[in-house]
Amino acid sequence: MGKKCWDNPKPKEWKAEELSQGRIIDYKAFNFVDGEGVRNSLYVSGCMFHCQGCYNAATWSFNAGIPYTKELEEQIMLDLAQPYVQGLTLLGGEPFLNTGILIPLIKRIRMELPEKDIWSWTGYTWEEMMQETEDKLEMLSLIDILVDGRFDISKKNLMLQFRGSSNQRIIDVQKSLEKGQVVIWEKLNDGDQSYEQVKRD
């Protein structure tokens, strides 16, 4: 047996209200890398998956970073209101273990800036998410695009669009919820060549 690459939760084992400290690692306005178009990205603190090769291991601790504040929320809303900004991206850390701060923010965006889209990354697969806690499912129902699944270093591919390993998917959330099955984002456009790192014996 090889070394386990990540920690796997049982359904509803990890609860945001028990783990989240309401903290963020970083907020980056006006970037082009965390999804389609010009985006504002909020990196929350805390992740339990601990994927081998994670590029953002500094976010694993729920006590890392700084508190999420009302002042920061006002800045996010101000930046998001800019006409050239397409939407907000939620990363981490694990956004779905920080629902206490993210659901109110997302609901506010839906009310005040309904034309903006919301992307989120998660270590959960879609199938796992369907068995998860009510707060996670509520947050899922409010977003547009989900990039799902753990980063798998054995499937790392530098040519993939907006994700690090080939097991991860870019999912159209609203279409998937409507159909009751995963619907891949229609604008998916991976590179032509594969640069997967092959494991050698």
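Colleague: In what order do the strands of the sheet lie, and what is the pairing?

Modeller: Strands of a sheet pair through backbone hydrogen bonds, either parallel or antiparallel. In this predicted model, local features need pLDDT of at least 70, side-chain atom pairs count only at pLDDT 80 or more, and totals for chains, interfaces and linings use all residues. Residues are numbered from 1 along each chain as its sequence is written, and side-chain values use heavy atoms, with hydrogens and water left out. Here seven strands make an open sheet with mixed pairing, in the order E3-E1-E2-E4-E5-E6-E7. Strands E3 (66-67) and E7 (169-172) stand at the edges, each with a single partner strand, so one side of each is left without a neighbour in the sheet. Two strands count as paired if DSSP finds at least two bridges between them. Helices (H or I, at least four residues) and strands (E, at least two) are DSSP runs, numbered from the N terminus.

Colleague: Which helix packs on the sheet, and which strands does it touch?

Modeller: Helix H2 (residues 70-80) packs there, touching strands E1 (23-31), E2 (38-44) and E4 (85-91). Contact means heavy atoms within 4.5 Å. The direction of H2 makes about 20 degrees with that of E1; axes are lines fitted to C-alpha atoms, for helices over the stretch in contact, and angles run from 0 to 180 degrees between N-to-C directions.

Colleague: How many bridges join E1 to E2, and in which sense do the two strands run?

Modeller: E1 and E2 are joined by five bridges and run antiparallel; Asn31 stands opposite Arg39 in E2. The two strands form a hairpin with six residues between them, and Gly35 in the turn has a positive phi of about 125 degrees. E1 also pairs with E3 in the antiparallel sense, over two bridges, and there Arg23 has Pro67 of E3 as its bridge partner. A parallel case is that of E5 (residues 117-121) and E6 (residues 145-148), joined by three bridges, where Ser120 has Leu146 in E6 as its partner.

Colleague: How many helices and strands does the protein chain hold, and in what order do its elements run?

Modeller: The protein chain has six helices and seven strands. From the N terminus on, the elements run α-β-β-β-α-β-α-β-α-α-β-β-α. Among contacts between residues at least 6 apart in sequence, 70% join residues at least 24 apart.

Colleague: Which residue forms a salt bridge with Arg39, and are the two buried or exposed?

Modeller: Side chains of opposite charge can pair when their charged atoms come close. A salt bridge is a side-chain nitrogen of Lys or Arg within 4 Å of a carboxyl oxygen of Asp or Glu. Arg39 forms one with Asp117, the closest N and O atoms being 2.7 Å apart. Arg39 lies in strand E2 and Asp117 in strand E5, so the pair ties together parts that are 78 residues apart in sequence. Buried means under 20% relative accessible area, exposed over 50%, and partly exposed in between (1.4 Å probe, protein chains only). Arg39, at 0% relative accessibility, counts as buried, and so does Asp117 at 16%.

Colleague: What meets Glu127 in a salt bridge, and how many salt bridges does the structure hold?

Modeller: The structure holds twelve salt bridges. The side chain of Glu127 meets that of Arg169 (2.8 Å, N to O). Glu127 belongs to helix H4 (residues 126-129) and Arg169 to strand E7, so the pair ties together parts that are 42 residues apart in sequence. Glu127 is partly exposed at 42% relative accessibility, and Arg169 is partly exposed at 23%. A further salt bridge joins Glu186 and Lys175 (3.4 Å, N to O).

Colleague: Which residues make the nonpolar surface patch?

Modeller: Met130, Leu137 and Leu177 make a nonpolar patch of about 220 Å². Patches consist of residues with over 30% relative accessible area and no salt bridge; like charges are joined within 9 Å, nonpolar side chains (Val, Leu, Ile, Met, Phe, Trp, Tyr) within 5 Å. Leu137 is found in helix H5 (residues 134-141). The protein chain exposes about 10400 Å², of which carbon and sulfur atoms supply 53%; accessible areas come from the Shrake-Rupley method with a 1.4 Å probe, and for residues only the protein chains shown count as cover. Of the 201 residues, 48% count as buried.
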